[in-house]
Amino acid sequence: MTPMDWPSLAPQVALADRLFGARGAKMLGVWLHEQAARITDPAFARLFSDHIDLPGVAPGDYNHRLVRAGRGRLLGGVRFYGKDLARPFVEVVAHDFEDWEALCSCVAAEWTAFAPLHLRTLVAPSAALTPGARIDMAIHAARYGDMAPPDGRVALAPFADAEDAVATVSAKYEELTRTEPALARNISAADADELRRWHREGRIQAIRAMVDCTERTVGLLAAAPGAVEWIEGDEVNEEVVLRAFNGQGFAALAQRAWAARADLDPGRLLIGTIDGLNTASRRSALRAGREAVLDYALLPVGR
């Protein structure tokens with residue numbers, strides 16, 4: 001099984017070549033092999049079955065499946081949106097269906113025990129989708145050397161105390177719960193222990209800016225080596241701007257300041273996912289020079 005066997009992976013094949021050249025095909029192939037290996041991996045199934053007990057569902061039902069139907073094939077597996085058992089969906093890793101309706105019907109029939117509400121699959125940002133579909137998340141990426149240069153209006157500095165970073169993130173997500181409950185339902189704050197680790201490793205920075213003639217901490221940015229699916233780079237693990245300082249472009253400026261650091265390889269990617277409801281963060285990424293390279297499309301399957 002190779003990426004070339006799956007027409008749905010054509011946008012990713014092209015992107016892999018654009019981002020990584022000859023190495024990209026191998027990266028995508030390794031990722032696809034890992035996804036296929038989950039068909040028979042009991043350890044993967046236990047990530048779900050050890051914590052979920054649904055009637056009529058056996059542990060192996062959480063494994064990925066290679067489904068062959070009359071109108072196409074697909075590789076995918078069940079997931080739960082935001083770990084909410086009331087929001088099941090099927091992650092379609094790859095498929096060769098020619099139309100969305102047939103794909104949705106196949107998913108509904110194959111995973112009927114879970115009654116999935118949606119299927120999700122990666123598409124090119126320009127892809128035409130079925131009515132009722134929406135973009136769940138976008139993957140944004142750019143090489144550091146290709147990002148917009150900083151303009152000096154913000155500076156990045158380590159937090160003196162990791163607990164200040166933890167408090168900043170906590171305050172932001174408390175604000176989101178009050179002001180944007182739909183978005184808050186989809187995303188979650190970085191774990192406090194993770195924030196402390198990033199602080200020790202120098203991977204988290206306070207966003208500092210002049211506000212009313214006083215330099216203030218207006219938010220934070222954390223990035224560390226990682227991957228989004230098969231796309232490797234420095235992953236934005238957390239980025240917040242406190243509500244009192246919204247609308248002033250601080251998030252985009254912080255990304256630009258991060259990219260200009262002398263210790264970073266200008267050819268390395270800054271990557272990350274942004275929720276489809278998070279229009280402010282998507283605008284910030286674009287202003288910093290990080291384009292959307294792939295979208296996670298969420299298509300209704302129905303009960």
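I began with valine 67, which stands opposite leucine 74 in S2. The model is predicted: local features require pLDDT of at least 70, side-chain atom pairs count only at pLDDT 80 or more, and totals for chains, interfaces and linings use all residues. Residues are numbered from 1 along each chain as its sequence is written, and side-chain values use heavy atoms, with hydrogens and water left out.

Entry on the strands. Two strands pair if DSSP finds at least two bridges between them. Strand S1 (residues 65-69) pairs with S2 in the antiparallel sense over five bridges, and a hairpin of two residues joins S1 to S2. S2 and strand S3 (residues 88-95) also run antiparallel, joined by seven bridges. I noted that alanine 94 in S3 is the bridge partner of leucine 75.

Entry on burial. I used the cut-offs of under 20% relative accessible area for buried, over 50% for exposed, and partly exposed in between (1.4 Å probe, protein chains only). Strand S2 (residues 72-80) is largely enclosed by the rest of the structure, because eight of its nine residues are buried.

Entry on glutamine 35. I found glutamine 35 in helix H2 (residues 22-37). Glutamine 35 has a relative accessible area of 7%, so I recorded this residue as buried. Leaving aside neighbours within four places in sequence, glutamine 35 is in contact (heavy atoms within 4.5 Å) with His64, Leu75 and Val93. From C-alpha to C-alpha, glutamine 35 and threonine 179 are 37 Å apart in space, and they are 144 residues apart in sequence.

Conventions: Helix = DSSP H or I, 4+ residues; strand = E, 2+ residues; numbered from the N terminus.
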